[in-house]
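Let's take a walk through a protein chain, one piece at a time. Have the sequence and the 3D view open as you read.

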Amino acid sequence: MPPPSLTAANDRAAAASAANGHAAPVARRRAGKGKKVHPLPADGAAMGDGGERLAGGRRPMDWLSPAGVAGILRRHPLPVLFACGLLLFMGVEYTIPMIPAAAPPLDLGFHATAAMHAGIAARPWLNSLLAALNTVFVAMQAAYILWAVLAEQRPRAAIATLMMFTCRGLLGCSTQLPLPAEFLGSGMDFPVGNVSFFLFYSGHVAGAVIASIDMRRVGRRRLAVLYDTLNLLQFVRLLACRGHYTIDLAVGVGAGLVFDMLAGWYLDSKNIDSGDNRCCSSCQKALVSQKLTS
């Protein structure tokens, strides 16, 4: 609640305004870009102790009543679902048997793709074909992101990708997970040549998410749906070939979302419209001067 001195000053200002024949200004909440601005409740409807009420005549703790709980369930089902998930997995976490140190990791994604893994393992040519197709998809991601920054001068996806791979390298060096025992390697897989790679987290999946978000941002929804579909197939293929653990792929999705958001914050800090994300004025001048000199 505001200090008494501030409340008294506001009351005096309101009384002076009313005496001069002017309506007292209505206090308004601050709102972010594109959000509605709602007036604050009047003094008589402010929340407080005792019999004071909120706007609309509700008591401050009405949301704990049966009607209030029913309203929360009706208006906010998603937070309620996550609250139930919290309670459920608290019980699971505190009672689930721990995996012994000498045992292999338990991965439900591996169990779900066991039949696919057996089929691919029995057909080496199929493993190489799927790896080659996956490498083509990775090249598609890189081509789109490079096109966005070089041809369209929209650097957000490129900045997000640079952030994502740098953080992936740091985490990959910090904790190196063991390679799955049933891993099906291929010289056609990216990076080509059966070289070593970080398991946590999947750069394949994160890069596809970054590209898909950028496509939706500029209205290329059909292309984004195509990339999401190919990313889902990539997700299943990496599990079936034991190229990543399930947690690597799931965090890859989250990493794509987070680093796209961080790239938007960075561009906003440089006073670049995060919706369009064109290069800033200094970059534009550098590009023009380079074209003139060449």
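Let's begin with Arg-242, which sits in the loop between helix 9 and helix 10. Helices here are DSSP runs of H or I with at least four residues, while strands are runs of E with at least two, and both are numbered from the N terminus. Arg-242 counts as buried because its relative accessible area is 2%; buried means under 20%, exposed means over 50%, and partly exposed is in between, using a 1.4 Å probe and protein chains only. Its phi is positive, about 60°, although Arg-242 is not a glycine. Most residues other than glycine have a negative phi, and most peptide bonds are trans.

A word on where this comes from: this is a predicted model, in which local features need pLDDT of at least 70, side-chain atom pairs count only at pLDDT 80 or more, and totals for chains, interfaces and linings use all residues. Residues are numbered from 1 along each chain as its sequence is written, and side-chain values use heavy atoms, with hydrogens and water left out.

Now for some other loop residues. Gln-153, in the loop between helix 6 and helix 7, has a positive phi near 55° without being a glycine. Over in the loop between helix 7 and helix 8 you'll find Tyr-201, and a cis peptide bond with an omega of about -5° joins Phe-200 to Tyr-201. Met-188 is found in the loop between helix 7 and helix 8 too. Leaving out residues up to four places away in sequence, Met-188 touches Ser-128, Ala-131, Ala-132 and Thr-135, where a contact means heavy atoms within 4.5 Å. Ser-128 is 60 residues from Met-188 along the chain, yet their C-alpha atoms are separated by 6.0 Å.

Here is how some residues score for accessibility:

| Residue | Relative accessible area | Class |
|---|---|---|
| Gln-153 | 19% | buried |
| Cys-167 | 25% | partly exposed |
| Met-188 | 42% | partly exposed |
| Cys-84 | 46% | partly exposed |

How many disulfides does the structure hold? The count is zero, taking a disulfide as a pair of cysteine sulfur atoms within 2.5 Å.

Next, the overall layout. The chain has eleven helices and zero strands. Of its 294 residues, 29% are buried. Look at contacts between residues at least 6 apart in sequence: 69% of them join residues at least 24 apart.

Helix 8 is worth a visit. It covers residues 203–217, and its 15 residues reach 21 Å from the first C-alpha to the last, close to the 21 Å expected; that expected span is 1.5 Å times one less than the number of residues. Is helix 8 mostly covered or mostly open? It is mostly covered, with twelve of the 15 residues buried, including Gly-203, Val-209 and Met-215. The buried residues pack against helix 6, helix 7, helix 9 and helix 10. At the start of helix 8, a side-chain oxygen of Ser-202 comes to within 3.4 Å of the backbone nitrogen of His-204. After the helix comes Gly-219, with a positive phi near 90°.

Finally, which angle do helix 6 and helix 9 make when they pack? It is about 145°, with the axes 11 Å apart; axes are lines fitted to C-alpha atoms over the stretch in contact, and angles run from 0 to 180 degrees between N-to-C directions. The contact includes Phe-137 and Tyr-144 of helix 6 and Tyr-227 and Arg-237 of helix 9.

Methods. Polar contact = N/O pair within 3.5 Å; in protein donor to acceptor, adjacent residues only side chain to side chain.
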